[in-house]
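Hi there,

Here is the structure I promised to pass on to you. Have a look at it first, and then read on for what I found in it.

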Amino acid sequence: MAEDTSTPASPDPGPLPGGPPADPTKVWNFRSAAIAEDQPDWGGDLGFDITVAHNARVWNYWLGGRDNFAADREVGEQVQQMFPGIVDVARADRAFLGRAVRYLASEVGIRQFLDIGTGLPTADNTHEVAQRIAPNSRIVYVDNDPLVLVHARALLVGTPEGATDYIDADAHDPGSILRAAAETLDFAKPTAIMFLGSLNFILDTDTAVAVVDHLMNHVPSGSYLVVAHPTHELGGEANAASMRHWNEHATPPITSRSRDKIARFFHGLELLEPGIVSCSRWRPDPAPSGGLPPEVPQFGAIARKP
Ligand SMILES: C[S@@+](CC[C@H](N)C(=O)[O-])C[C@H]1O[C@@H](n2cnc3c(N)ncnc32)[C@H](O)[C@@H]1O
(Lines give C-alpha, C1' and ligand atoms only; values in the text may rest on other atoms or scores of the structure.)
Protein backbone atom coordinates (compact mmCIF):
# COMPACT_ATOMS: atom_id res chain seq x y z
CA MET A 1 0.00 0.00 0.00
CA ALA A 2 1.09 3.57 -0.59
CA GLU A 3 2.72 5.63 2.12
CA ASP A 4 0.74 8.02 4.27
CA THR A 5 -0.30 11.09 2.27
CA SER A 6 -2.18 14.19 3.38
CA THR A 7 -4.58 15.98 1.07
CA PRO A 8 -4.04 19.75 0.99
CA ALA A 9 -6.78 21.95 2.39
CA SER A 10 -9.42 22.84 -0.18
CA PRO A 11 -10.16 26.39 -1.26
CA ASP A 12 -13.40 28.02 -0.22
CA PRO A 13 -15.69 27.61 -3.24
CA GLY A 14 -18.06 30.36 -2.15
CA PRO A 15 -21.81 30.00 -2.22
CA LEU A 16 -23.44 26.86 -3.51
CA PRO A 17 -24.81 27.32 -7.01
CA GLY A 18 -28.49 26.48 -7.04
CA GLY A 19 -28.91 26.70 -3.25
CA PRO A 20 -30.15 23.98 -0.94
CA PRO A 21 -33.21 21.92 -1.83
CA ALA A 22 -36.58 22.88 -0.46
CA ASP A 23 -36.72 20.05 2.06
CA PRO A 24 -33.30 19.28 3.50
CA THR A 25 -34.63 16.30 5.42
CA LYS A 26 -35.02 14.44 2.13
CA VAL A 27 -32.18 12.73 0.26
CA TRP A 28 -29.93 15.49 -1.00
CA ASN A 29 -28.90 15.42 -4.60
CA PHE A 30 -27.59 18.79 -5.52
CA ARG A 31 -25.72 17.84 -8.62
CA SER A 32 -28.61 18.35 -10.99
CA ALA A 33 -29.18 21.83 -9.60
CA ALA A 34 -25.58 22.75 -9.02
CA ILE A 35 -23.57 21.06 -11.71
CA ALA A 36 -24.06 19.95 -15.25
CA GLU A 37 -21.58 17.65 -16.94
CA ASP A 38 -21.58 20.13 -19.83
CA GLN A 39 -20.21 22.77 -17.49
CA PRO A 40 -16.62 21.60 -17.55
CA ASP A 41 -15.45 24.70 -15.72
CA TRP A 42 -17.60 23.97 -12.69
CA GLY A 43 -15.03 21.77 -10.99
CA GLY A 44 -12.23 24.08 -12.11
CA ASP A 45 -13.97 27.02 -10.50
CA LEU A 46 -13.91 25.13 -7.22
CA GLY A 47 -10.28 24.20 -7.60
CA PHE A 48 -10.66 20.47 -8.08
CA ASP A 49 -10.32 18.21 -11.08
CA ILE A 50 -13.52 16.43 -12.05
CA THR A 51 -11.57 14.10 -14.35
CA VAL A 52 -9.94 12.33 -11.38
CA ALA A 53 -12.21 9.99 -9.41
CA HIS A 54 -12.56 10.93 -5.75
CA ASN A 55 -13.72 8.75 -2.90
CA ALA A 56 -16.60 10.91 -1.65
CA ARG A 57 -18.14 11.02 -5.14
CA VAL A 58 -17.54 7.34 -5.97
CA TRP A 59 -19.02 6.35 -2.59
CA ASN A 60 -22.03 8.49 -3.52
CA TYR A 61 -22.22 6.62 -6.86
CA TRP A 62 -22.22 3.21 -5.12
CA LEU A 63 -24.97 4.45 -2.82
CA GLY A 64 -27.11 5.38 -5.83
CA GLY A 65 -26.55 9.16 -5.58
CA ARG A 66 -26.06 11.61 -8.43
CA ASP A 67 -23.33 13.77 -6.91
CA ASN A 68 -20.62 12.31 -9.10
CA PHE A 69 -18.91 12.84 -12.45
CA ALA A 70 -18.06 10.57 -15.39
CA ALA A 71 -14.58 9.79 -13.99
CA ASP A 72 -16.11 8.78 -10.65
CA ARG A 73 -18.67 6.52 -12.32
CA GLU A 74 -16.02 4.93 -14.53
CA VAL A 75 -13.74 3.98 -11.63
CA GLY A 76 -16.81 3.06 -9.55
CA GLU A 77 -17.90 0.62 -12.27
CA GLN A 78 -14.40 -0.83 -12.64
CA VAL A 79 -14.11 -1.45 -8.90
CA GLN A 80 -17.59 -2.96 -8.87
CA GLN A 81 -16.63 -5.37 -11.64
CA MET A 82 -13.55 -6.48 -9.71
CA PHE A 83 -15.37 -6.55 -6.36
CA PRO A 84 -19.17 -6.79 -6.86
CA GLY A 85 -19.75 -6.71 -3.09
CA ILE A 86 -18.71 -3.06 -2.83
CA VAL A 87 -22.30 -1.80 -3.09
CA ASP A 88 -23.33 -4.12 -0.24
CA VAL A 89 -20.39 -2.75 1.77
CA ALA A 90 -21.50 0.86 1.21
CA ARG A 91 -25.11 0.07 2.16
CA ALA A 92 -24.10 -1.96 5.22
CA ASP A 93 -21.80 0.86 6.35
CA ARG A 94 -24.63 3.41 6.14
CA ALA A 95 -27.00 1.09 7.98
CA PHE A 96 -24.36 0.59 10.70
CA LEU A 97 -24.00 4.37 10.98
CA GLY A 98 -27.75 4.64 11.54
CA ARG A 99 -27.82 1.89 14.19
CA ALA A 100 -24.74 3.27 15.94
CA VAL A 101 -26.08 6.81 16.20
CA ARG A 102 -29.51 5.54 17.19
CA TYR A 103 -27.98 3.41 19.95
CA LEU A 104 -25.78 6.23 21.26
CA ALA A 105 -28.54 8.85 21.16
CA SER A 106 -31.39 6.76 22.50
CA GLU A 107 -29.79 4.17 24.82
CA VAL A 108 -26.69 6.00 26.06
CA GLY A 109 -27.90 9.59 25.90
CA ILE A 110 -24.99 10.95 23.84
CA ARG A 111 -25.77 14.47 22.61
CA GLN A 112 -22.52 15.37 20.83
CA PHE A 113 -21.13 13.75 17.69
CA LEU A 114 -17.88 14.47 15.84
CA ASP A 115 -18.25 12.70 12.48
CA ILE A 116 -14.91 12.63 10.63
CA GLY A 117 -15.06 11.71 6.92
CA THR A 118 -18.67 12.74 6.54
CA GLY A 119 -19.13 11.95 2.87
CA LEU A 120 -21.67 13.58 0.60
CA PRO A 121 -25.10 14.00 2.16
CA THR A 122 -27.39 11.04 1.68
CA ALA A 123 -30.34 9.61 3.58
CA ASP A 124 -30.15 9.42 7.38
CA ASN A 125 -27.06 11.49 7.98
CA THR A 126 -25.71 11.56 11.52
CA HIS A 127 -27.49 14.76 12.58
CA GLU A 128 -30.82 13.56 11.18
CA VAL A 129 -30.69 10.28 13.10
CA ALA A 130 -29.47 11.93 16.32
CA GLN A 131 -31.79 14.96 16.24
CA ARG A 132 -34.79 12.78 15.42
CA ILE A 133 -34.19 11.15 18.81
CA ALA A 134 -32.90 14.21 20.68
CA PRO A 135 -33.46 17.53 18.87
CA ASN A 136 -30.85 19.21 21.09
CA SER A 137 -28.05 17.01 19.70
CA ARG A 138 -24.95 18.83 18.47
CA ILE A 139 -23.12 17.44 15.46
CA VAL A 140 -19.87 18.52 13.82
CA TYR A 141 -18.99 17.05 10.45
CA VAL A 142 -15.42 16.97 9.11
CA ASP A 143 -14.28 16.19 5.57
CA ASN A 144 -11.59 17.46 3.21
CA ASP A 145 -13.36 16.84 -0.10
CA PRO A 146 -14.18 20.07 -1.99
CA LEU A 147 -17.55 18.78 -3.20
CA VAL A 148 -18.57 17.83 0.34
CA LEU A 149 -17.67 21.40 1.28
CA VAL A 150 -20.00 22.67 -1.44
CA HIS A 151 -22.79 20.67 0.16
CA ALA A 152 -21.94 21.88 3.64
CA ARG A 153 -24.72 24.44 3.57
CA ALA A 154 -27.19 21.58 3.41
CA LEU A 155 -25.44 19.81 6.25
CA LEU A 156 -25.75 22.92 8.39
CA VAL A 157 -29.52 22.56 8.41
CA GLY A 158 -30.51 20.97 11.70
CA THR A 159 -32.99 21.48 14.48
CA PRO A 160 -33.29 24.92 16.10
CA GLU A 161 -32.65 23.31 19.52
CA GLY A 162 -29.45 21.59 18.41
CA ALA A 163 -26.46 22.51 16.26
CA THR A 164 -25.00 21.16 13.05
CA ASP A 165 -21.64 22.43 11.88
CA TYR A 166 -19.13 21.52 9.20
CA ILE A 167 -15.34 21.77 9.24
CA ASP A 168 -13.20 21.55 6.12
CA ALA A 169 -10.18 19.76 7.60
CA ASP A 170 -7.87 16.81 7.17
CA ALA A 171 -8.26 13.78 9.44
CA HIS A 172 -4.46 13.70 9.76
CA ASP A 173 -4.69 16.93 11.80
CA PRO A 174 -6.78 16.17 14.93
CA GLY A 175 -5.53 19.30 16.72
CA SER A 176 -7.07 21.61 14.12
CA ILE A 177 -10.28 19.55 14.13
CA LEU A 178 -10.62 19.85 17.91
CA ARG A 179 -9.94 23.60 17.90
CA ALA A 180 -12.59 24.24 15.24
CA ALA A 181 -15.10 21.77 16.68
CA ALA A 182 -14.83 23.40 20.12
CA GLU A 183 -16.89 26.29 18.74
CA THR A 184 -19.87 23.92 18.58
CA LEU A 185 -19.10 21.03 20.93
CA ASP A 186 -18.37 21.20 24.65
CA PHE A 187 -15.55 18.72 25.10
CA ALA A 188 -16.19 18.58 28.84
CA LYS A 189 -19.27 16.52 27.93
CA PRO A 190 -19.35 12.95 26.55
CA THR A 191 -18.91 12.91 22.80
CA ALA A 192 -19.06 10.25 20.11
CA ILE A 193 -16.03 10.35 17.81
CA MET A 194 -16.99 8.70 14.52
CA PHE A 195 -14.72 7.40 11.75
CA LEU A 196 -16.90 5.55 9.27
CA GLY A 197 -14.92 4.56 6.20
CA SER A 198 -12.32 7.23 6.83
CA LEU A 199 -9.46 5.87 9.00
CA ASN A 200 -8.67 3.76 5.93
CA PHE A 201 -7.36 6.96 4.30
CA ILE A 202 -4.74 7.36 7.01
CA LEU A 203 -2.46 4.79 5.50
CA ASP A 204 0.09 4.34 8.26
CA THR A 205 -1.45 2.43 11.17
CA ASP A 206 0.70 4.09 13.86
CA THR A 207 -0.39 7.50 12.55
CA ALA A 208 -4.04 6.46 12.47
CA VAL A 209 -3.83 5.14 16.04
CA ALA A 210 -2.17 8.40 17.14
CA VAL A 211 -4.99 10.43 15.53
CA VAL A 212 -7.63 8.37 17.34
CA ASP A 213 -5.70 8.61 20.64
CA HIS A 214 -5.37 12.38 20.29
CA LEU A 215 -9.14 12.74 19.88
CA MET A 216 -10.12 10.22 22.57
CA ASN A 217 -7.68 11.81 25.05
CA HIS A 218 -9.55 15.07 24.57
CA VAL A 219 -13.01 13.76 25.52
CA PRO A 220 -14.22 12.67 28.98
CA SER A 221 -15.15 9.31 30.41
CA GLY A 222 -18.45 8.15 28.93
CA SER A 223 -17.43 9.21 25.42
CA TYR A 224 -17.52 6.71 22.55
CA LEU A 225 -15.46 5.74 19.51
CA VAL A 226 -17.30 4.42 16.44
CA VAL A 227 -15.29 2.87 13.58
CA ALA A 228 -16.21 1.24 10.28
CA HIS A 229 -13.20 0.05 8.30
CA PRO A 230 -12.59 -2.06 5.17
CA THR A 231 -10.71 -5.34 5.47
CA HIS A 232 -9.50 -8.18 3.32
CA GLU A 233 -10.81 -10.52 5.99
CA LEU A 234 -14.53 -11.51 6.04
CA GLY A 235 -14.42 -12.64 2.40
CA GLY A 236 -12.91 -9.42 1.12
CA GLU A 237 -9.99 -11.02 -0.73
CA ALA A 238 -11.40 -9.78 -4.07
CA ASN A 239 -11.19 -6.34 -2.55
CA ALA A 240 -7.38 -6.45 -2.65
CA ALA A 241 -7.17 -6.18 -6.45
CA SER A 242 -9.87 -3.53 -6.55
CA MET A 243 -8.05 -1.46 -3.91
CA ARG A 244 -4.84 -1.67 -5.95
CA HIS A 245 -6.83 -0.48 -8.97
CA TRP A 246 -8.29 2.34 -6.86
CA ASN A 247 -4.87 3.46 -5.71
CA GLU A 248 -3.64 3.62 -9.32
CA HIS A 249 -6.66 5.47 -10.73
CA ALA A 250 -8.39 7.46 -7.98
CA THR A 251 -7.86 9.55 -4.87
CA PRO A 252 -7.17 9.53 -2.01
CA PRO A 253 -5.23 6.26 -1.64
CA ILE A 254 -6.86 3.68 0.62
CA THR A 255 -5.76 0.77 2.78
CA SER A 256 -7.55 -2.17 4.35
CA ARG A 257 -6.78 -3.50 7.84
CA SER A 258 -7.02 -6.79 9.68
CA ARG A 259 -9.14 -7.19 12.80
CA ASP A 260 -5.96 -7.13 14.90
CA LYS A 261 -4.88 -3.79 13.47
CA ILE A 262 -8.35 -2.31 13.89
CA ALA A 263 -8.33 -3.50 17.51
CA ARG A 264 -5.42 -1.08 18.10
CA PHE A 265 -7.81 1.87 17.65
CA PHE A 266 -9.75 0.67 20.70
CA HIS A 267 -6.88 0.15 23.15
CA GLY A 268 -7.78 1.48 26.59
CA LEU A 269 -11.48 1.56 25.66
CA GLU A 270 -14.30 -0.85 26.53
CA LEU A 271 -15.47 -2.59 23.37
CA LEU A 272 -19.23 -3.06 23.29
CA GLU A 273 -20.73 -6.40 22.36
CA PRO A 274 -20.47 -8.00 19.81
CA GLY A 275 -16.94 -6.55 19.42
CA ILE A 276 -15.23 -5.99 16.07
CA VAL A 277 -17.50 -7.71 13.56
CA SER A 278 -18.78 -7.26 10.03
CA CYS A 279 -20.59 -3.91 10.29
CA SER A 280 -23.72 -5.63 8.94
CA ARG A 281 -23.70 -7.83 12.08
CA TRP A 282 -23.20 -5.13 14.68
CA ARG A 283 -26.53 -5.40 16.54
CA PRO A 284 -28.53 -5.80 13.32
CA ASP A 285 -32.21 -4.95 13.21
CA PRO A 286 -34.25 -8.17 13.36
CA ALA A 287 -34.73 -9.64 9.88
CA PRO A 288 -38.22 -10.94 8.96
CA SER A 289 -36.61 -14.27 8.02
CA GLY A 290 -34.62 -14.38 11.28
CA GLY A 291 -30.90 -15.11 11.41
CA LEU A 292 -27.94 -12.82 10.86
CA PRO A 293 -27.44 -10.73 7.71
CA PRO A 294 -24.58 -11.72 5.37
CA GLU A 295 -21.13 -10.50 6.35
CA VAL A 296 -19.46 -7.73 4.36
CA PRO A 297 -15.70 -7.04 4.37
CA GLN A 298 -16.10 -3.90 6.45
CA PHE A 299 -15.55 -4.14 10.19
CA GLY A 300 -17.72 -2.13 12.52
CA ALA A 301 -17.23 -1.56 16.25
CA ILE A 302 -18.14 0.81 19.07
CA ALA A 303 -16.25 1.32 22.31
CA ARG A 304 -16.75 3.40 25.46
CA LYS A 305 -14.08 5.44 27.18
CA PRO A 306 -14.02 4.24 30.80
C1 LIG B 1 -16.09 6.12 2.22
S2 LIG B 1 -16.59 7.78 2.52
C3 LIG B 1 -17.52 7.51 3.99
C4 LIG B 1 -18.59 8.53 4.21
C5 LIG B 1 -19.45 8.31 5.45
N6 LIG B 1 -18.67 8.41 6.67
C7 LIG B 1 -20.12 6.96 5.40
O8 LIG B 1 -19.77 6.10 6.21
O9 LIG B 1 -20.98 6.78 4.54
C10 LIG B 1 -15.07 8.49 3.16
C11 LIG B 1 -15.08 9.99 3.34
O12 LIG B 1 -13.85 10.34 4.00
C13 LIG B 1 -13.37 11.54 3.43
N14 LIG B 1 -11.91 11.63 3.62
C15 LIG B 1 -10.96 10.90 3.02
N16 LIG B 1 -9.74 11.26 3.46
C17 LIG B 1 -9.94 12.25 4.37
C18 LIG B 1 -9.08 13.04 5.17
N19 LIG B 1 -7.75 12.87 5.12
N20 LIG B 1 -9.62 13.97 5.98
C21 LIG B 1 -10.97 14.15 6.04
N22 LIG B 1 -11.85 13.41 5.30
C23 LIG B 1 -11.35 12.48 4.47
C24 LIG B 1 -13.74 11.44 1.95
O25 LIG B 1 -13.74 12.71 1.32
C26 LIG B 1 -15.12 10.80 2.04
O27 LIG B 1 -16.12 11.77 2.10
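Let me start with a question: in which loop does arginine 283 lie? The answer is the loop between β9 and β10, the latter being residues 298-304. Please keep in mind throughout that this is a predicted model.

Most residues other than glycine have a negative phi.

You will find leucine 234 in the loop between β6 (224-230) and α11 (238-249). With a relative accessible area of 19%, leucine 234 is buried, since the cut-off for that is under 20%.

While you are looking at the backbone, there are also cis peptide bonds to see. One joins threonine 251 and proline 252, with omega at about -15 degrees. Proline 252 is in the loop between β7 (250-251) and α12 (259-263). Another cis bond joins glutamate 273 and proline 274, and here omega is about 5 degrees. Proline 274 has its place in the loop between β8 (270-271) and β9 (277-278). For context, most peptide bonds are trans.

Now to the ligand, which I expect you will want to zoom in on. The ligand sits in the largest cavity. There are 20 residues around the ligand, and those that come nearest are Asp93, Gly117, Asp143, Ala171 and Leu196. By type, the shell divides into six nonpolar, nine polar and five charged residues. Helices α3 (55-62) and α5 (86-108) each supply at least two residues of that shell, and α3 gives the most, with three.

- Aspartate 93 places a polar side-chain atom 2.5 Å from an oxygen atom of the ligand.
- Glycine 119 contributes a backbone N or O atom, 3.3 Å from an oxygen atom of the ligand.
- Asparagine 144 has a side-chain N or O atom that is 3.4 Å from a nitrogen atom of the ligand.

How much of the ligand's area does the protein bury? Taken alone, the ligand exposes 590 Å², and the protein buries 98% of that.

Tyrosine 166 is in strand β4 (residues 163-168), and its side chain reaches the backbone oxygen of aspartate 143 at 3.3 Å. Tyrosine 166 counts as buried because its relative accessibility is 10%. The C-alpha atoms of tyrosine 166 and leucine 114 are separated by 9.8 Å, with the two residues 52 apart along the chain.

Asparagine 200 lies in the loop between β5 (192-196) and α10 (205-217). Its side chain reaches the backbone oxygen of glycine 197 at 3.2 Å. At 2% relative accessibility, asparagine 200 counts as buried too.

Happy browsing, and do write back with any questions!

Best wishes

Key. Residues are numbered from 1 along each chain as its sequence is written. This is a predicted model: local features need pLDDT of at least 70, side-chain atom pairs count only at pLDDT 80 or more; totals for chains, interfaces and linings use all residues. Side-chain values use heavy atoms; hydrogens and water are left out. A residue is near a molecule or strand if one of its heavy atoms lies within 4 Å of it. A polar contact is a pair of N or O atoms within 3.5 Å; within protein, one must be able to donate a hydrogen and the other to accept it, and residues adjacent in sequence count only if both atoms are side-chain atoms. Accessible areas come from the Shrake-Rupley method with a 1.4 Å probe; for residues, only the protein chains shown count as cover. On a 1 Å grid over the protein atoms alone, a cavity is a set of points where a 1.4 Å probe fits but cannot get out, and a pocket is an open set with protein on both sides within 12 Å along at least five of seven lines; lining residues have an atom within 4 Å of a point. A molecule sits in a cavity or pocket if more than half of its atoms lie within 2 Å of its grid points. Helices (H or I, at least four residues) and strands (E, at least two) are DSSP runs, numbered from the N terminus. Ala, Val, Leu, Ile, Met, Phe, Trp, Tyr, Cys and Pro count as nonpolar, Asp, Glu, Lys and Arg as charged, and the others, Gly among them, as polar. Buried means under 20% relative accessible area, exposed over 50%, partly exposed in between (1.4 Å probe, protein chains only).
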